[in-house]
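This report describes one protein chain, beginning with a single residue and widening to the chain as a whole. The sequence and the structure are shown first.

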Amino acid sequence: MATRAAKPAVTEDVWSADELAAVRDRLLTEIEELQVDIARAEASLALGNSSEGAGDDPADAGAKTYEREREIALTLNARDLLAQNERAIARIDAGTYGVCESCQRPIGKERLQAFPRATLCVACKQREERR
């Protein structure tokens with residue numbers, strides 16, 4: 001009677017301390033860059049003068065309004081990314097990094113290497129996007 005060898009545990013989704021440190025460093029670098037971008041954008045928006053463009057024709061006023069709204073949207077996006085990065089670092093600190101928040105299964109290293117802020121595995125993310 002042949003005996004089956006026990007399957008080795010899947011270790012491809014287990015993060016080493018060095019790997020987590022590298023992810024943490026990458027996230028911290030992104031946080032610093034985002035903070036600079038946000039501060040620069042907020043300063044630019046704060047300098048905008050409400051009387052600026054007085055006397056402009058409607059096309060110029062529209063273009064300026066569009067550009068201002070675009071800057072605001074980019075700043076809000078940067079703030080969202082900043083919060084996601086901070087949340088990923090908190091998950092590293094809590095020991096839950098790489099675990100899907102929905103199904104509690106491993107997210108997968110490849111997904112996290114491509115998108116280190118991911119909180120859902122591919123299957124759960126696809127399910128969420130279909131809703």
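## A buried threonine in a loop

T119 counts as buried because its relative accessibility is 18%, where buried means under 20% relative accessible area, calculated with a 1.4 Å probe and protein chains only. The residue is placed in the loop between α3 (109-114) and α4 (122-130); helices here are DSSP runs of H or I with at least four residues, strands are runs of E with at least two, and both are numbered from the N terminus.

Leaving out residues up to four places away in sequence, T119 touches R87, R91, V99, C100, E101 and I107, a contact being heavy atoms within 4.5 Å.

## Basis of the model

The model is predicted: local features need pLDDT of at least 70 and side-chain atom pairs count only at pLDDT 80 or more, whereas totals for chains, interfaces and linings use all residues. Residues are numbered from 1 along each chain as its sequence is written, and side-chain values use heavy atoms, with hydrogens and water left out.

## Helix α2 and its ends

Helix α2 has 37 residues and reaches 54 Å from its first C-alpha to its last, close to the 54 Å expected at 1.5 Å a residue; the expected span is 1.5 Å times one less than the number of residues. Just after α2, G95 adopts a positive phi of about 80 degrees.

The buried residues of α2 are T75, A78, L82, N85, A88, I89, R91 and I92, and they pack against α1 (17-47). An α-helix has 3.6 residues a turn, so residues three or four places apart point the same way.

## N85 within α2

N85 belongs to helix α2 (residues 58-94) and is buried, with a relative accessible area of 0%. Apart from neighbours within four places in sequence, N85 is in contact with L27, E30, I31, L34 and R117. The side chains of N85 and R117 are joined by a polar contact of 3.2 Å, that is, a pair of N or O atoms within 3.5 Å, of which, within protein, one must be able to donate a hydrogen and the other to accept it; residues adjacent in sequence count only if both atoms are side-chain atoms.

## The chain as a whole

The protein chain contains four helices and zero strands. Buried residues account for 24% of its 131 residues. Among contacts between residues at least 6 apart in sequence, 58% join residues at least 24 apart.

Notes. Buried < 20%, exposed > 50% of the residue type's maximum accessible area, 1.4 Å probe, protein only.
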